[in-house]
Amino acid sequence: MRTYAIVNRKGGVGKTTTAVNLAYVLATSCRLRVLLVDADGQANATQILLPRGEYAGLGALLRGYAMCYDELTVHTDVAGLDVLPAASDLWALDLEAAEGDRGRSYRALRDMREAMEEDGAYDVMIIDCPPNLSAACVSAILASDAVIIPVLSDACSVTGVGDLVDQIASLRSIRPDIRVAGILVNQWHRSPVVEDSVAYLREEGRVPVYSTVIRRTDKVPESSWARMALQAWSPWCSAARDYRAWAAELLAKEGIQYEQA
Ligand code: ADP
Ligand code: MG
């Protein structure tokens, strides 16, 4: 099983949109068995993929209340796509972790991943992270093979990426093989500042930047408003097609085999 954390300390850059659309495309077009883990207390990905309701979710796992992942994972309407939901109890985790056993919460997701690997339960796990390096986010990074960083293509977002890459690298003391798989440019549109920022990121060359960019379109906020995955809301809009092209680029770069649906 391959595991990717979608990380950026900034909010509103497209982490949730990317996590949901990647999970959706891998399950539908690529026929992979996918688990999307919602690690953000705002629970946006959970709200998009699951009906309203009370879910125990990741908070229970990180606190050590649930010992089996299948008590927590929920099937979606999409064949092959399950969700480990989030609830607002994730917020309190950092306060508890400051007093209690931080190591336990850091290990919980890794232990879950190992159990899933033993069972052969999923092909890919995608973790939608909160906009900070909280306990949930650090647990997610430590459980992952690699991190994917969505960015908005403006100067401010682009210059912050270096700091984030350093912070991820500092986790190598605990997880030596963690890497950044790539930077995904989101809300791309034709404008000098966007094109200059993307050129800067590519030239800087510290971390690979995916050749596919996700275009800006009002269909994305419309789909967020409707609480639907963009792939279901407007499958032929520019960003939906871009996400399918990017998923193919990612699978090729990561060497993940799949059958085209
Ligand atoms: P994050 O999870 O990083 O906070 P979201 O995925 O929730 O970011 O996206 C933040 C906002 O930006 C949402 O309202 C979403 O609809 C919008 N958005 C994301 N990607 C695009 C895009 N390609 N074009 C237009 N709006 C987008
Ligand atoms: Mg989000």
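## Briefing: a cavity lining and a helix pair

Val 161, Gly 162, Val 165, Ile 183, Leu 201, Glu 204, Arg 206, Val 207 and Val 209 line the largest cavity of this predicted model. The volume of this cavity is about 40 Å³. A second topic is the packing of helix H1 (residues 15–28) with helix H11 (residues 238–254).

**The cavity**

- Rolling a probe the size of a water molecule over the atoms shows where empty space is left.
- The count of cavities of 30 Å³ or more comes to one.
- Helix H7 (155–170) and helix H8 (192–204) are the elements that each give two or more residues to the lining of the largest cavity.
- H7 gives the most to this lining, with three residues.
- By class, the lining of the largest cavity has six nonpolar residues, one polar residue and two charged residues.
- Glu 204 and Arg 206 are among the lining residues, and Glu and Arg both count as charged.

**Helices H1 and H11**

- The axes of H1 and H11 lie 10 Å apart, and the two helices pack at an angle of about 75 degrees.
- Angles of 65 to 115 degrees count as roughly perpendicular, so H1 and H11 are roughly perpendicular to each other.
- On the H1 side, the residues in contact are Thr 17, Thr 18, Asn 21, Leu 22, Val 25 and Leu 26.
- On the H11 side, they are Tyr 243, Arg 244, Trp 246, Ala 247, Leu 250 and Leu 251.
- The contact of H1 with H11 is made up of eight nonpolar, three polar and one charged residues.

Terms used:
Residues numbered from 1 in each chain as written. Chains lettered and ligands numbered in written order. Predicted model: local features only at pLDDT ≥ 70, side-chain atom pairs only at ≥ 80, totals over all residues. Heavy atoms only, no water. Axes fitted to C-alpha atoms, helices over the stretch in contact; angles between N-to-C directions. Helix = DSSP H or I, 4+ residues; strand = E, 2+ residues; numbered from the N terminus. Parallel < 35°, antiparallel > 145°, perpendicular 65-115°, else oblique. Contact = heavy atoms within 4.5 Å. 1 Å grid on protein atoms, 1.4 Å probe; cavity = no way out; pocket = protein on both sides within 12 Å on 5 of 7 lines; lining within 4 Å. Points joined across faces, edges and corners; volume = space filled by probe spheres on them.
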